[in-house]
Structure formats: C-alpha cells, structure tokens
Amino acid sequence: LSSSLAVTSEQIEHLHRRFKQLSQDQLTIRKENFDSIPDLEFNPIRGKIVHAFFDKRNLRQESDGLADEINFEDFLTIMSYFRPIEMNMDEEQLDRFRKEKLKFLFHMYDSDHDGKITLQEYRNVVEELLSGNPHLEKESARSIADGAMMEAASICVGQMGPDQVYEGITFEDFLKMWQGIDIETKMHVRFLNVDTIAHCY
Amino acid sequence: PGAAAMGTGTPPSPSGTAFEETRLHVFTLDYPHVQIPFEITLWILLASLAKIGFHLYHKLPSIVPESCLLILVGLLLGGIIFGAEEKSPPVMNSDVFFLYLLPPIVLDAGYFMPTRLFFENFGTIFWYAVVGTLWNAIGIGISLYGICQISAFGLTDITLLQNLLFGSLISAVDPVAVLAVFENIHVNEQLYILVFGESLLNDAITVVLYNLFKSFCQMRTIKVIDIFAGIANFFIVGIGGVLIGILLGFVAAFTTRFTHKIRVIEPLFVFLYSYLSYITAEMFHLSGIMAITACAMTMNKYVEENVSQKSYTTIKYFMKMLSSVSETLIFIFMGVSTVGKNHEWNWAFVSFTLLFCLIWRALGVFVLTQIINVFRTIPLTFKDQFIIAYGGLRGAICFSLVFLLPPAVFPRKKLFITAVIVVIFFTVFIQGITIRPLVEFLDVKRSNKKQPAVSEEIYNRFFDHVKTGIEDVCGHWGHNFWRDKFKKFDNKYLRRLLIRENQPKSSIVSLYKKLEIKHAIEMAESGMISKVPSSVSLSDYHEGKIKPLSPTEMENMREILTKNLYQIRHRTMSYNRHSLAADASEKQAKEILIRRRHSLRESLRKTNSLSRERPVLA
C-alpha cells in the first residue's frame with residue numbers, strides 16, 4: 001500500500017487514526033460521517049468535497065458514479081492526491097503527478113461525469129463558491145460564471161465563429177487553463193500533527 | 001537712468017559712525033540664506049537626472065543594476081569635491097540616513113508586500129533572519145579575531161568584543177540593496193520573499209547585537225546577567241517594534257474611516273502614521289524597520305477600502321516616488337562618502353573580512369536549509385539555496401552603522417570603515433552584476449506576470465476551499481486553518497470597526513465588477529451602447545421577465561456604477577519598484593465582450609427550460 005501511493009508509513013498511521021475517528025471505529029465511512037467535522041460546515045463547497053471522496057473516478061475504479069461507502073484504502077487513495085512533491089521526481093513523473101491532481105479538481109467541477117464542464121455546471125460551482133456571501137444575488141453569480149466561461153472559451157478555442165457553440169471545458173482545456181499555476185507545489189496537505197488535534201473533536 | 005534714479009535715493013544715515021554709505025543694491029546674491037534647501041534640492045535633482053541618464057541607453061539597466069551606477073556617480077562627485085576643496089566631502093550623516101532616507105524605502109516595500117506568501121513562509125524567513133544573522137555575526141567575529149591574533153598582520157590591538165561588534169554590523173543583509181538588485185531579475189515569488197523577508201526581519205537582531213556589543217565594549221566587566229539581558233532585549237526589540245506598528249496601523253485604518261469629507265489629505269494619514277510608527281520605535285530603541293513594515297502591512301487592507309480611488313493612486317505613486325528618491329540618494333551618498341581621508345588599509349583585515357563574509361553566508365544558508373527543510377512541505381532545492389546565499393547583499397545599513405561607532409572606543413575605526421566599504425562594493429557590484437546571468441544559467445524559476453482573469457480567481461478560491469476542506473477532514477491545522485480563522489475574526493470584528501461601508505468582500509466579485517466596468521466604458525466609448533442590451537436586461541431574458549428600464553432604475557444603475565468605481569481596487573503585486581503594473585489590455589476586454597454575447601446566445605439555446613416570452617422593449 002505504502003509504495004503504490006507513495007505515502008510514508010507514519011502518515012498512514014496518522015490517517016488511520018483519523019479514519020477511525022471519523023468512522024467511529026467502523027470499517028467504512030459513509031457520507032453522514034463527514035457531518036461530524038464541525039469546521040467543514042463553513043466551507044461553501046462542502047458538498048463537492050464530500051462528494052469527491054465517494055466519486056468512483058477518484059477511487060480509481062473502472063465504473064462510474066458514486067460509491068456508498070469507502071474503506072480505509074479508498075480514503076488513502078483520495079488523500080494521496082494531496083501528497084507533496086518529492087525531490088527526486090523526473091519530468092515525466094512530475095507531469096503525471098500534476099495531471100492526477102488536476103484530474104481530481106476536474107472531477108469536482110464536472111458533477112454529471114460526462115467529461116466536460118458545461119456552462120450550467122460552472123454556474124453551479126460559482127454559485128456555491130459565493131454562497132457564503134449573503135449580499136450577492138444569484139444573477140451576479142450567474143453573470144460571473146458566464147464571464148469566466150467566456151475567458152475559458154477565448155483561451156481554449158481562440159476565435160469562434162458567430163454560430164459556434166462552445167460545448168464545455170474538456171480536460172485538455174482545463175489543463176491549458178491551469179498551465180501557469182504550479183499546482184504541484186500548491187496542492188498538498190501535511191498529514192502530520194493529527195495527534196494534537198484529535199482530542200478536539 | 002533707472003540705476004541713477006536708484007542711486008540717488010537717500011540711504012538712512014548711520015548714527016555717528018564713519019563707514020561708507022551703501023547704495024541700494026539692484027541685484028543681490030544671498031547664498032547662505034538658502035544654502036541648506038538649495039543643496040538638498042540640487043542633490044535630489046542630480047540623483048534624478050542621473051537616473052534619466054541611465055535609462056537613455058536602454059540596455060544598461062539590465063546588465064548593471066542601478067545601484068552600481070549610482071555609486072559610481074557618487075564616487076565621481078566625491079572625487080570632484082575632494083579635488084576642488086582638498087578636504088573630505090560631507091559624509092552621509094547617519095541620522096539623516098536612519099531617520100529620513102531609510103523609512104520611505106521600507107514603507108514602500110512593506111505596503112506592497114504579498115502578505116499571503118509572506119506568512120506562508122514566515123517560519124523559514126524568521127529562521128534565516130534570526131539564526132542566520134546570529135550565525136554570521138558570531139562566525140565572522142570569531143574568525144576575524146583569530147586572524148587578528150596573528151601578529152604579522154599588525155591587528156593584535158583589536159579585541160574580541162570589537163571583532164564581534166564588527167561581525168554583527170557586517171552580517172546584516174540589507175533590504176535596500178536586495179530590492180535594488182532583485183527587482184530586475186524577476187525570480188519566482190517564493191525566492192524573492194525569502195531573501196527580502198530575511199533582510200527586513202534581521203533588523204531586529206542587528207539592532208540588538210550592535211547595541212549589545214557596543215555597550216559591552218564600553219563596560220569594564222561583563223556578567224552573565226548582561227547576556228541574559230541581551231536575549232531579553234532581542235525579544236523586546238522585535239516584538240515591541242511589531243506591536244507598535246500594528247497598533248498604529250489599526251489607528252490609521254480607523255482614522256481613514258472618517259475621512260470621506262476631506263479626501264484631499266487622505267494620503268497624508270497613511271504616510272504620517274507609518275512614519276510615526278518608525279520614529280516611535282526608534283525612540284525606544286526598538287526595531288523601526290519592523291514597526292514600519294508591520295504598520296504598512298496592517299494598514300494596507302483596510303485603508304484600501306476606505307480611501308477614494310484617487311487617494312489610493314496618489315498614495316501608490318507618492319510612495320514609489322519617495323522610495324525611489326531615497327534609494328538613489330543613499331547610493332550616491334555612499335559613493336561620495338567613500339572618497340576621503342577616513343580610510344586605513346590593511347590587506348589582511350580587509351581581504352579576510354570579505355572572505356569570511358562569503359564563506360559564513362554560504363555555510364549558514366546551507367546548514368540552516370538542511371534543518372528547515374525537515375519542517376517545510378516543499379523543500380528548498382540547491383538552486384534556491386544558492387540564490388539565497390548569493391542574494392545576501394550588504395548595503396547602506398552597515399555603512400551607516402560603522403560610521404556610528406564611537407572613535408574613542410574604537411581606535412581602529414578607519415580600518416573598519418574601509419573593510420565595510422570593500423564588502424559593500426563587492427556585494428553590490430560583483431554579486432549585483434553577476435546575479436542575473438547566474439539566474440539564467442541556473443534556470444531558476446521565474447515569476448510569470450499574468451493578466452487578472454475572473455476564471456483564475458474562481459479557480460484559486462475554489463482551490464483554497466478544497467484545501468481547507470481536506471485539511472479539516474484530515475484534522476490538520478495547516479496554514480489554511482489559521483488563515484481561515486483569521487479571516488472569520490477579521491470579518492466579524494475588525495472589518496466592521498475599521499471600514500466605513502462594510503460590504504463583505506469577495507475577490508471574485510470585485511475582480512468581476514472591475515472587468516464589467518471596463519466593458520461598460522468600452523461599450524460607451526465605441527458607441528455600442530444603444531445596440532447591445534446591457535447585461536442586466538440580458539439576465540432578465542433568462543428569467544423570462546421583462547423589465548423596461550425606468551428612469552429611476554437607470555439612475556440607480558448609474559449610481560451603483562459610480563459607487564463601485566470607488567470600491568474597486570486593482571490588486572497589484574508590485575515587485576518592480578520603479579514602475580507600476582499597466583492595466584489589462586483593451587483587446588482582451590473586447591474579446592471577452594464579444595464572446596459573452598455569443599455564449600449568452602448559446603446558453604439561451606441550451607437552457608430550454610425557460611419559457612421565453614417575446615421581449616418587449618419599451
């Protein structure tokens with residue numbers, strides 16, 4: 001397990017402890033178990049995050065759709081998307097690493113699992129993001145999403161004819177847009193120090 | 001005729017004395033009357049003209065950093081004055097430097113510091129600043145003492161304490177020099193913030209060590225209690241400085257809450273409060289640099305929202321102008337002060353000083369990085385370490401500190417001055433000139449300046465939330481956790497108190513609004529406004545509502561637009577201190593506009609769940 005996911009055994013121990021906490025000593029976690037994390041309540045995209053844990057595409061299973069419950073191995077699989085970059089990675093590994101992380105994010109946007117982020121899905125994302133802001137109307141969120149989609153179109157497709165329909169952002173387009181941002185260094189979470197916090201929950 | 005008429009005017013007769021009657025002067029020259037302001041103006045004018053001169057040959061600033069050229073100009077000037085008057089030219093007064101020339105530069109740097117990146121790397125920066133400077137100071141001091149013991153060099157009269165003092169003042173990395181050199185080479189933000197942050201924070205340690213060793217040199221016996229007092233002093237100096245800065249930053253933010261009737265002097269408050277924090281800290285012998293940095297960083301967020309757009313622009317430009325002038329003056333003065341009779345050359349001392357500075361810096365960075373890499377998620381590579389070590393430039397701070405040494409206690413003061421000058425010249429010239437080709441040779445990651453885009457902002461926010469969420473699931477209190485907590489506290493208490501019209505701010509919304517305004521202005525300018533429906537009425541299409549815009553609604557919209565013009569800020573990460581980032585290109589805005597019209601048409605087709613009535617335009 002450790003070598004396939006490139007997580008150290010110490011980290012596995014920490015995560016195992018956390019898993020046991022969340023699952024209340026059961027072998028699997030269901031969606032309801034995530035409700036026991038108080039701080040997650042305030043997160044505007046809470047739904048999407050929880051969803052991501054059960055998304056079969058992230059769990060590297062061949063099928064599609066949502067799993068009902070996940071065991072520790074699945075939990076680790078999800079967490080491995082957030083492991084930090086290692087010093088001795090070569091170009092190809094780095095590229096794969098980056099693609100994996102971006103795929104994880106892509107799946108969070110693409111809620112109907114059709115491989116494309118359509119305008120409606122994008123609107124959904126922006127609405128959720130701005131849902132923490134009570135003064136903002138839905139219309140504004142919608143126009144923002146439209147505007148952002150525009151920018152995406154202009155980056156990915158360039159000049160469009162007047163009657164061309166922009167279907168949605170595919171994974172390749174998604175990669176193009178995140179090109180400038182070095183996700184490999186930013187998308188990581190330290191799996192240490194779980195001990196000190198464990199007793200707070 | 002005029003002169004004659006003047007000449008016959010009756011002068012008042014002096015009572016009883018026999019000196020000549022003075023005719024009324026047509027034309028008088030009274031230099032002493034205006035001497036001081038005249039000379040100051042001439043210096044500043046000269047500095048600015050020199051800057052123009054450099055940029056005339058456009059390739060020059062990219063090869064040689066401006067600081068070098070300015071020092072050369074200073075040297076030239078110093079040489080002229082020396083030759084003409086046969087005495088040493090005016091040495092840069094340390095008071096002038098510390099009280100007038102240094103604060104604007106630090107203020108400018110602190111105000112535009114990327115706070116998020118700074119706090120993410122705070123541990124590393126602090127580690128380098130404190131432990132690194134200590135390491136350098138003590139290392140250089142002790143090794144120089146070892147050299148001094150060798151009687152062949154004629155240096156045996158320099159005591160250990162004097163060497164330690166010298167080590168402490170020469171080990172400080174200088175923010176002015178770092179800024180001057182790094183701004184042209186555009187390394188990635190992480191590296192920049194490490195070197196620059198270190199140069200700012202090490203002021204606390206430098207102040208403490210300098211004063212500590214200076215007093216030790218003057219005391220006859222040193223007890224253990226004094227050493228503990230020194231350590232306690234460090235904490236007081238550092239933390240005290242920061243507290244003063246934060247306190248005054250909040251006061252400034254609070255003041256600007258009420259300034260909406262007197263917009264014209266709003267910028268003044270920003271400058272006054274920051275300068276006040278600096279000199280208050282200096283009054284208590286705390287770290288002025290840390291105070292002014294803390295003040296600027298605290299003030300920045302809240303002032304931006306309270307202050308009008310014009311005031312904000314004024315603040316930005318004035319700050320950059322002041323810091324630019326200060327920096328130029330500093331380097332020219334350094335050049336001028338070098339020429340003169342206050343030197344004493346000693347091959348051994350000078351060369352070993354230089355050698356030890358380089359060796360200890362390199363060693364220090366290497367060793368410290370090995371330790372700190374254990375705690376960092378992204379370890380610093382060897383390339384990073386090299387740039388950090390190489391970027392440890394010395395500058396005007398150690399120059400001024402060495403001039404402040406009391407000559408009674410330091411009979412070899414001139415020797416110290418010479419050594420410091422050699423080190424500064426070496427770092428500024430040699431390291432400053434070669435760092436750019438080295439950065440290219442080593443292929444260090446550079447910063448990529450991009451245009452702000454709404455989608456990117458959305459991605460970044462989305463990403464932050466994902467990270468925070470995952471951290472919550474893991475139960476790990478990462479950086480995101482603390483930042484989140486601070487944000488909540490900020491929103492609940494601070495913003496309500498310090499900001500006048502508190503609207504919960506979303507970076508996405510502000511950026512979007514900004515782009516929208518740009519579109520609107522574009523549309524109005526190109527006369528399209530009658531033909532293209534505004535976004536408001538288009539979204540009415542989506543809802544299936546028809547709302548002809550009544551005059552009151554138009555008025556409201558116009559009011560909203562103008563009000564938003566005051567609220568929107570373009571958040572720039574201004575690393576280049578001499579030019580401000582240009583606005584996003586017009587072409588992109590136009591493209592976006594055209595696209596949106598298409599996309600909205602498309603989305604109309606796709607979302608066929610709407611029941612659309614034929615829109616009736618009033």
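Okay, let's start on the outside of helix H2 of chain A: the face turned away from its buried side carries A:Ser9, A:Glu10 and A:Glu13, which are exposed, meaning over 50% relative accessible area, with buried under 20% and partly exposed in between, using a 1.4 Å probe and protein chains only. Quick housekeeping: this is a predicted model, where local features need pLDDT of at least 70, side-chain atom pairs count only at pLDDT 80 or more, and totals for chains, interfaces and linings use all residues. Residues are numbered from 1 along each chain as its sequence is written, and side-chain values use heavy atoms, leaving out hydrogens and water.

Now, which residues of H2(A) are buried? They're A:Gln11, A:Ile12, A:His14, A:Leu15, A:Arg18, A:Phe19, A:Leu22 and A:Ser23.

Zooming out, chain A is divided into domain 1 (8–81) and domain 2 (87–186), with bounds from an automatic or database domain assignment. Between them they bury about 1,400 Å², 56% of it on carbon and sulfur atoms. In domain 1 of chain A, A:Lys48, A:Arg57 and A:Tyr81 lose the most area to domain 2, together 50% of what that side buries. Buried area here is the accessible area (1.4 Å probe) that two parts lose on being put together, summed over both.

Technical notes. Chains are lettered from A and ligands numbered from 1 in the order in which they are written. Helices (H or I, at least four residues) and strands (E, at least two) are DSSP runs, numbered from the N terminus.
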